[in-house]
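Subject: Structure for you to look at

Dear colleague,

Please find below the structure that I promised to pass on, followed by my notes on it. I would be glad if you kept the two side by side while reading.

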Amino acid sequence: MAKNKIEALDFMTGKQEAEAFENGKYVDLHRSTLRKVDVFCNLIQRTFDKSLKTHATWKEAHGLSWKTALYLAKKHWIYTTVVVLGGIGSAFFGLFRGFGVLSSVLMNKPG
């Protein structure tokens, strides 16, 4: 019968694993290692298939960056439309603002 919950799951701490190695309890050491690998495998699999649940907000999970915008643009056509229209709008804004500065420079008027 297991003494505590950790032993019931075949987990050992680093100190316990070192003691098991020194005492020749290689099967227990092997079980502990396999269990830890199993936990990592489960986490990675859930992350890969997007079934891992966290308490993070969308902003914390994805962040606000150009990389996120491009990822979303590739993922759905609505995001693609928003990104393209935003790019066109900012290009026109920059173009018209540039023409205003250029015309004031050419006419020797302060900007």
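Predicted model: local features only at pLDDT ≥ 70, side-chain atom pairs only at ≥ 80, totals over all residues.

Residues are numbered from 1 along each chain as its sequence is written, and side-chain values use heavy atoms, with hydrogens and water left out.

Serine 32 has its place in helix 3, residues 26-48, and counts as buried because its relative accessibility is 0% (buried means under 20% relative accessible area, exposed over 50%, and partly exposed in between, with a 1.4 Å probe and protein chains only). Its side chain makes a polar contact with the side chain of glutamate 17, at 2.8 Å; a polar contact is a pair of N or O atoms within 3.5 Å, and within protein one must be able to donate a hydrogen and the other to accept it, with residues adjacent in sequence counting only if both atoms are side-chain atoms.

Glutamate 17 also meets lysine 36, side chain to side chain, in a salt bridge of 2.9 Å, N to O, the term standing for a side-chain nitrogen of Lys or Arg within 4 Å of a carboxyl oxygen of Asp or Glu. That pair links distant parts of the chain, since glutamate 17 lies in helix 2 (residues 14-22) and lysine 36 in helix 3, 19 residues apart. Glutamate 17 counts as buried because its relative accessibility is 18%, whereas lysine 36, at 26%, counts as partly exposed.

The structure holds three salt bridges. Arginine 31 forms one with aspartate 28, the closest N and O atoms being 3.9 Å apart, and arginine 35 forms one with aspartate 38, where the corresponding distance is 2.8 Å. As for accessibility, arginine 31 is partly exposed at 40%, and so is aspartate 28 at 31%.

Helix 3 has 23 residues that should span 33 Å at 1.5 Å a residue, and its end C-alpha atoms are 32 Å apart, which agrees; the expected span is 1.5 Å times one less than the number of residues. Helix 3 is followed by lysine 50, whose phi is positive, near 60°.

In helix 5 (residues 66-75), the buried residues are Thr68, Leu72 and Ala73. They cover an arc of only 135° around the axis, and therefore sit on the same side of helix 5, the arc being that of the directions from the helix axis to the C-beta atoms. The face turned away from that buried side carries the exposed residues Trp66, Lys67 and Lys74.

For the protein as a whole, there are six helices and zero strands, helices (H or I, at least four residues) and strands (E, at least two) being DSSP runs numbered from the N terminus. Of its 111 residues, 8% count as buried.
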